[in-house]
Structure formats: C-alpha cells, structure tokens
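Have a look at it first, and then we'll go through a few parts of it together.

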Amino acid sequence: MTTPAIRCKDLVKHYGDVVAVDGLDLEVRPGECFGLLGPNGAGKTTTVEIFEGLLRPDRGEVEILGQRWERDDRALRDRLGVQLQETRLEEKLSVLETITLFRSFYSSGSEPTEVLRSVGLEEKRNAWVRTLSGGQQQRLSLACALACDPEILFLDEPTTGLDPQSRRQVWDIVLAFRARKRTVLLTTHYMEEAQRLCDRVAIVDRGKIIALGSPAELIEGLGADNVVEVTCDRAPNLEGLTGLQDIQPVDGDAARLRVTAGHLHRAVPEILAALRSQDVELRNLATHQATLEDVFVALTGRHLRDE
Amino acid sequence: MRYSPLVQLSLGKVRGILREPEAIFWVVVFPVLLSVALGIAFRASGPAVLPVAVQDGPGAAELFSALEGDEQLDVALLDDAAAHDALRTGRVAVVVVPGESWTFWYDPTRPESREARLLADNRLQGAAGRVDAHATGVREMTEKGSRYIDFLIPGLLGMNLMGTGMWSIGFSIVNSRQRRILKRLVATPMRRWQYLLSQFIGRLAFLVIEVGVLVGVARLLFDVPLRGSIVLLCGVCTLGAFAFASTGLLVAARPRTIEGVSGLMNLVMMPMWILSGTFFSTERFPEIMQPFVQALPLTALNDALRQVMIEGAGVGQVVGEMAIFGGWGVAAFFAALALFRWR
C-alpha cells in the first residue's frame, strides 16, 4: 500500500473556548485533488495550517508524505507548496524578483520564468506586484507555491474574492498541476469550485467532517438529481406527495420550501396541485440540478455562504 | 548566487528601501537639510549686539547717551510699562532704572541678560569716571572645532544612525507581519536567521551613503574637521548602525500593526533625542541623572563620534563608548530572537 500524501487522526485544535477543529480524521491519497468544503469558520484554514506545519494541534496525529512535523521540518517544507489565504506579497518587488526569492528557499524546483509562463504572468515579469490586478496577484501567489515543483500543493481559498474569469484561470492552473499526478489539498466555500477541481471532497462543518466522497457520490447520496424551491404566501403542506424527498424549509422560513425530486415532470405538477387544493398562493418556483451546496443544505439545514 | 536565499533576501531588502522615495528622503536628504539649517542658524557671526532699555525718568537721558556709545549694546528709551513689557517678552535683555543708584532690572536665569547687565554696568561705571585697576588685553580663538556646528554634526550623525536603523528595520518587519509575508516565509524551508541577517545587510548597505553625505556636506559647507582616522569612524558608524538595527529588530519583534511599532519606537527614541547630547551637551543634566544618561547607547555613540571626528581620538579612547552601545546591540539582538513573532 502506498503512503498517504496526508493523513491525520483525531485532530483537535482550540482557540480559547472555541473549538476550531473537533476530532478530524482524514486521508488524502497521492495524486488526488482533495477539497475541504465548508462555510466560513468551519475550521478549514486551521486544519490546513496544521498540515502545513504552521500550527500545532492540541491533540491528534498528522503525517505528511509519511513524515511528522518537528522532526525534520526543513526537509519536509522543501517538498510542499503553500498558498495562504491572506498573504499580500511585497508591493515594490517585481513579479520575477518575487518568484526568484521564493525559488531560492528550495533545494530544487522550476526555472522562475517557466513558472511564470505556467501561470500566464510572463508578460508581467518586470511589473511591480503593486500594479497587478487581484487575479494576477493570486496567480503570482500560486506561482510562489509552485516554484519548488512541490509534491503537495496546499491552497487555502484560492479564488475567494476573484472575478469569474480570474477564477477560471486559477482553476486551469490547478487542473494542470493535478494532471501531472501531484497531490492538491484545497479549501473552498464554493461548491462549483469543489465540483470542478476535486476528485474527493470532505464537507466540513464546525470542525468535523460530515460527509466524504467524490462530488458525484455526495450528490447521489441526496437520492435525487433535482431540487425544486417554492416560495408561497404561507406555509404549504407537501408531506406525503409521491416522488418528493427531503422537504426542508429554506432559512427557517416555512413558506419557502426546498424539495429534492427524482423527476421534475412528475414532481412539479404534484406540488402545483397540492398548492391549489390548499389554496396557497405560489410566489415563485425554481428548479436546478442538485449540487454540493444542496448536499450541505440537506446535511446541516444551512447554506455554505451567508448571502 | 542566483538561488542563495541570503543574497535574494538582502537584495529584496535593499530594493524595498531604494524604491521607497520617502525612505531616501528621511535617510539622506533630511539630515543634510537639518544640519544646513542648524549650521546657518548657529553660525559664528561675531559677538552679538544685546538689546537694553533705559526706563524714562529723571536722569534717563544721561544714562541713554552713555550706553549709546557702546557698540555691543542696542539702547532704547522706554517708559515704565513699555520697559516691563519688553523685558517680560525678552525683547530687551536688561532695563536700567535711573535714580540715586542705578538699578539693573533683569532675569538672572537668562545668560544674555547677565551678560548685558555686566556690559551696561561696565559702560556706565566707565562713563562715571571709574578707573581700571589693571590693564588687560585679548586674544581671539578662531581654530575650527570649538563652534556649535562642530558639536552638532557628530550628534546629527549619531541621531541619524539611530533613526534610520530603527525605522528601516522596524517598519518593514511589522509591515511584512501585517501582510502575512512572515507567515508565508515560515511555510518555506527558509532559515529564519537568514531573514533577520538580511535585514541587517540591507540596512548596512545604506550606511556608506548616509555617513558619506552628512560628513561630506559638513566638511564642504561648514569646514567641520575629521581629525581621527576614517577607518575608525567607519568602524564606530558600523557598530552604531548594528546596535540600532538590533534595537529596531527588538522593537518590531512583536507588534502586529504599524501604529503599535511607531509608538514603541518613539518611546525608545524620545529619551535619547533629549538626553543623549545631540543638540546640547549632556553635562547640562543634573549629577543624579548622569549614570542613566551616560548608559544610553546614543550618548555613547555621540561621544565616540565626537571624539573621533573633532578630537582625533584613537581606538583606545573610544573603546569604552563602543562597548556600551555595542553591548546594547548584542543584548537587543538576542532579546529580539527570543521574542520574535513570525505569524
């Protein structure tokens, strides 16, 4: 059996009275792209920073590439590429100077100009970091993580705050890295990102893993492919209708219901008929294909993002 | 070279300073402007003419005409209220009140008032017929080294070594901490001492410009001498820069915000601006404060610089001072290492 890229057992981390990570077990296989999906404050960043050797857990075991932190940290760091959530790189260095600086810390790695090409910043090589757009700065940050040609790439919310085009550029870089059979661990609260990039996803809530599997498996676990959302003038009763599963109020509002259904052409007429017989007025009806977001809502009754 | 972390970190530090126009202003331009302004303000311009007043009344006219003949005095005739007002606001140094005996009305804590009183008394006694008991002569000292500017330039150099060392190290470290760059660096295999050392290397790279410009300008504009050896001056400056770079490192070891580190820096530097003999001699402070004043690193650095530049001292004469500020530097460095917050 091959050594897992990342393995942790019963990981616990407190900040004062707050439990950030609450007994987390995880195993990431070499060559897979693994996503920690969860809302803000779920403990994703704390978990990743423990893996990166930046934080020490209160309890639990961590093995990275079969090694433990605090034995030979430098040798281990030499094999890892890290992108932190909030690093704002030095403004008055150029792009090439920045990447050369990071490359110099590692015993081996790629040519800085090569790395810049791979993230599409070769034309900006002499520009100061300050002059880069948000998306370009994020790609430079990725380039710094890739400078050592790492065995594991850690990405903490790599596309938060980026416009859709920049987000796709970041995804392309991660997909290219994954295509080379390298391991990626990323955190995100965008289900679309997890669905697009990850081989497997762990859904994290309040410091615990509440679901684990490939995006397809997790969605399958809902039992149905479609989601219908109805908004009415008062609470309707949809219990007992055939073909409907998992009826839940949205954000605790009984007049807004979220229903998963196997077949829309059967479910929607049933719902409409029920509303008519109960004389409930329909304000809005929307349907979509089930996503990881729906998995999270089904598991927790809450949304990934507070919008 | 290309992938040496120490070289790359030091290059980054130097570039960071060079690309910050404000930093260049404070490191190079400002001390020169300050020395030029103070040098002009305190230039030697011959003996000053002191303003004195005669209070109007019976007999005032005689006193006025007697004093008017003295070229060191500038005499005015004022009534009681105006004379009081002029004395209170310092526009005249002394008021002579005529009468049976002349009364000198002045503030004895003002040196120029004491001097004006003596000059006026001397003049009036002479006019009244006093004969000197013994003949006297004068010889004027014009050799460089005794003027205020000669005292000032080494002090400004010391103060500049302190300020630049503290600001250039302290600000950039806290800035990097605030931007999470330190945390990002710790996630690489970078050796931490190399980062700290690069801060010193980057700082020392500017020492040549800083010291050269200030000493050169002082020499060209004010003829301030450099009597000691240049090598020794460089040694004192380098050790001084190290001492205050270490202090900057210590001050920046923990704060997370620029505001926090600014406050700490002012707290550390303020006593030394006042007490360390940059603008006036430390001998003005009472005896009881002297052990504290003399133990300050800037006092020791200023003394060493003055001795080397103005008095032409050799290593043996400044080794005590160098031990004081060098010791501060070493202590601050190890304290900084122990306290440093990388996240």
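Helices (H or I, at least four residues) and strands (E, at least two) are DSSP runs, numbered from the N terminus. This is a predicted model, where local features need pLDDT of at least 70 and side-chain atom pairs count only at pLDDT 80 or more, while totals for chains, interfaces and linings use all residues. Residues are numbered from 1 along each chain as its sequence is written, with chains lettered from A and ligands numbered from 1 in the order in which they are written.

Start with Gly81(A), which sits in strand 5 (residues 80-83) of chain A. Gly81(A) counts as buried because it has 28 C-beta neighbours inside 10 Å (buried takes 20 or more other C-beta atoms within 10 Å, with C-beta atoms placed from the backbone). Cys148(A) lies 67 residues away along the chain, yet its C-alpha atom is 6.9 Å from that of Gly81(A).

Now hop over to chain B. Helix 6 (residues 148-178) of chain B packs with helix 11 (residues 258-275) of chain B at an angle of about 165 degrees, their axes 10 Å apart (axes are lines fitted to C-alpha atoms over the stretch in contact, and angles run from 0 to 180 degrees between N-to-C directions). That angle makes helix 6 of chain B roughly antiparallel to helix 11 of chain B, a label for angles over 145 degrees.

Finally, see where the chains meet: 20 residues from chain B and 22 residues from chain A take part in the contact (C-beta atoms, placed from the backbone, within 7 Å). On the side of chain B that touches chain A, helix 1 of chain B gives the most, with six residues.

Technical notes: Two residues are in contact if their C-beta atoms, placed from the backbone, lie within 7 Å. A residue is buried if 20 or more other C-beta atoms lie within 10 Å of its own, exposed if 12 or fewer, and partly exposed in between; C-beta atoms are placed from the backbone. Angles under 35 degrees count as roughly parallel, over 145 as roughly antiparallel, 65 to 115 as roughly perpendicular and the rest as oblique.
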